[in-house]
Every structure is written in C-alpha cells, then in structure tokens.
Amino acid sequence: MSDGPTLVAEAGGSSTLPLVPPPSEIDLPEDWHTFGGATYHLSRRVGEGGMGVVYEARSPAVSEPVALKLIRGTPDDIALARFAREAELPQRFNGHPHVVRVLDVGRFDNGHRYIAFEYLGGGSLAAHAAEFRAPAAAAALLTQVATAVGDLHEKGVRHRDLKPDNLLFRTLPPDPAGVVVTDFGQAWGGQQVNRPTGDGQPLGTPTYAAPELLRDAAAADQRADIYSLGAILFRLLTGVVPTEVTWPNSLTDDYKTARAAEPPPPSRRFPPDVPAHLVSACRGCLHPHPDGRFPTAREFLRALTQHS
Ligand SMILES: Nc1ncnc2c1ncn2[C@@H]1O[C@H](COP(=O)(O)OP(=O)(O)O)[C@@H](O)[C@H]1O
Ligand SMILES: [Mg+2]
C-alpha cells in the first residue's frame, strides 16, 4: 500500500487466513463496524457486480468517504489475483485526475480483503448519458476518457472493460472535475491472470467490447480499448449502442463471428448535427479488425479535436 493507511497488516501469511464467511452472507451491521483492527462504517450498498459488492463507507483513519469493495462468495485463486490487480493497477496512477484513487487496501481479521476507493458520488456515465448527447459535450467527455486511457496504455495497462457503467463522476455532472475511469477487474497489467477463454469466461461487456476480446482476450492488445472508446462515443452521440446484443446470445460462436465481420456504423446512423470529424473519429475506432482502428488513444484524441 503506497498511499493512505493500511489498517490491518497481513497477519500470518496470506494462505493461513480462512476466507469465510463470504461477504454476501455477512449480516452487515448498520453501525460502526470493526473487523478486528480495521474499522469501517458501512452506510449503504452502492453496487454489486459479478465479482464484488461495494459499500459507501467511512473510516476514522481515512479523511474522506470511501467506496469499500469486497469480493463476493468464496474467491478462488484467480478471483483473488484479479482483486489484487484491481487495487494495484489504479494505484500506479494515484493522483491522475481521471483514474479512480485507491485510499486503502487490506484484509480484515476475519480474512476478508477489501479495497477502499475514493467515493465517487456523481453516478455513472450510463446514468447520465443523455446529458452528453450534444456533440461538443460528448467530445469533451471522450477527451478526458481517452487521455486517461492513453496514460494507462503508456504504462502498459489495458483496461479491457471500458463502458459507461465503469465511468463515474465525483459529483453530479456537469462536474468540472470530469469523469473517472474505474473497475480494473478485467484489466491487463503485464501479467495474465484470467482463465483461458473458452470456458465461459469471456472478457469485456459484449456491447462495448472489441470483437477480438470476445474471442481471445489474451491476444487482444490496447486497440481493444480504442474500440470501446468509439462504442462509448457512438452511444453518447446517437443514444443507442452500435449493436444490440442480449445475453446469452453474446456467448455464441455465431454472434462472435458476426461481430468480427461487422463494419463500422455507416455515417447515416449519426444525427445530422454531428460534425464530420467526430463521425470519422468515432468510426475510426469501430473497425472490427484492430489494424483498421486508430493505433493509439493519442491518435484518436487528435481526430476528436481536429476541426475540418
Ligand atoms: N469509487 C466508487 N464510488 C462510488 N461507487 C462506486 C465506486 N466504485 C464502484 N462503485 C459502484 O459499484 C458498482 C460496481 O463496482 P465495479 O467496480 O464496477 O464492480 P464490478 O466488477 O462488480 O462491475 C459500480 O457500478 C458503482 O455503482
Ligand atoms: Mg463495473
């Protein structure tokens, strides 16, 4: 832990502590709650995903409210490695205006691991997408996201799950501080800890994920994130996603094959008030083959801001 207090030291080595009971089965109290040495007051559950459960919480040792993330269920080694990476990767960027800050990482005495992120109280881009439909607003927002993504890439990190749900605001938009990239649960930071594809654990959220990520996540490079940037921009500008898909169709070979052959959305799908340079910036991300996309987030940024 490089920033902020670590409330409970790893006691007795990582393999000796039992990881029971799972957080989802704990009857979490309303009041200040101490798990051994670490004291957090869990005020409410703010999110729950495939892997984690997130509470708004406070600690006397941390000067601001936090989003306390715990792993659901009984994690296997891969889930534990992902959880560790979920803290470690954004920690490399602590202080970046558009990457979530990690305030505390630790393990309660009962064995549960936690990550305390800065609390982002403004909601997600998914909830606020309609407010960014104007081309200038959409472009300004994507400029922030692409700047952060370019910085991630320059340090060898690929996010691999960029989507409106994972872009949060510190305060309600219009927020002068802008948008924050969160949820590094699928990210790649130099070490592959994901299950091999093909066992029902494809990476990415199909709608926003590059076709190659659905096939073989390990082989996908940073240009998969470029695709997601384009899909997010398309969603903001048009109000719809490039391709609708329903689970579990997204897991079928037919779907993956169709996605891998799907050309960028034609210009006529964009509203007439969207300037040509934004249409081509967006389409330039959404090529099904990585070679057809902007090679870097920086080049996408140039296209976003280029007025012709
Ligand atoms: N730093 C944060 N501040 C406020 N809410 C958060 C924060 N991080 C996550 N959340 C909430 O918890 C939900 C799930 O968190 P996330 O990290 O995306 O986990 P998952 O891997 O389950 O998608 C988010 O969609 C959001 O509603
Ligand atoms: Mg998420």
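Which residues have the most contacts inside the largest nonpolar core? They are Leu 68, Leu 142, Val 145, Leu 229 and Phe 300, in a core of 77 residues. The model is predicted: local features need pLDDT of at least 70, side-chain atom pairs count only at pLDDT 80 or more, and totals for chains, interfaces and linings use all residues. Residues are numbered from 1 along each chain as its sequence is written, while chains are lettered from A and ligands numbered from 1 in the order in which they are written.

**Overall architecture**

- The protein chain has 8 helices and 8 strands; these are DSSP runs, numbered from the N terminus, with helices (H or I) of at least four residues and strands (E) of at least two.
- Of its 308 residues, 42% count as buried. A residue is buried if 20 or more other C-beta atoms lie within 10 Å of its own, exposed if 12 or fewer, and partly exposed in between, with C-beta atoms placed from the backbone.
- Among the contacts with a separation of 6 or more, 67% are between residues 24 or more positions apart; a contact requires C-beta atoms, placed from the backbone, within 7 Å.

**Nonpolar core**

- A nonpolar core is a set of buried Ala, Val, Leu, Ile, Met, Phe, Trp, Tyr and Cys residues joined through C-beta atoms within 7 Å.
- Leaving aside neighbours within four places in sequence, Leu 68 is in contact with Tyr 40, Leu 42, Val 54, Tyr 55, Ala 57, Tyr 114 and Ala 116.

**Strand pairing**

- Strand 3 and strand 4 (residues 62-71) run antiparallel and are joined by 7 bridges; two strands pair if DSSP finds at least two bridges between them.
- A hairpin of 2 residues connects strand 3 to strand 4, and Val 54 has Lys 69 in strand 4 as its bridge partner.
- Strand 4 is also joined to strand 6 by 5 bridges, in an antiparallel arrangement, with Phe 117 in strand 6 as the bridge partner of Ala 67.

- Of the 20 residues around ligand 1, Gly 47, Gly 49, Val 54, Ala 67 and Asp 183 come nearest; a residue is near a molecule if its C-beta atom, placed from the backbone, lies within 6 Å of it.
- Strand 2 (38-48), strand 3 (52-59) and strand 6 (113-118) are the elements that give two or more residues to this shell.
- The shell has 9 nonpolar, 8 polar and 3 charged residues, where Ala, Val, Leu, Ile, Met, Phe, Trp, Tyr, Cys and Pro count as nonpolar, Asp, Glu, Lys and Arg as charged, and the others, Gly among them, as polar.
- Ligand 1 lies between domain 1 and domain 2, because both give residues to the shell around it.

**Backbone features**

- Most residues other than glycine have a negative phi, and most peptide bonds are trans.
- Asp 183 has a positive phi near 65°; this residue lies in the loop between strand 8 and helix 4 (211-215) and is buried, with 24 other C-beta atoms within 10 Å.
- Arg 160 has a positive phi of about 70° and is placed in the loop between helix 3 (135-154) and strand 7.
- A cis peptide bond, with omega about 0°, joins Pro 173 and Pro 174; Pro 174 is in the loop between strand 7 (167-169) and strand 8 (179-181).

Definitions and conventions: Domains from an automatic or database assignment. Contact = placed C-beta atoms within 7 Å.
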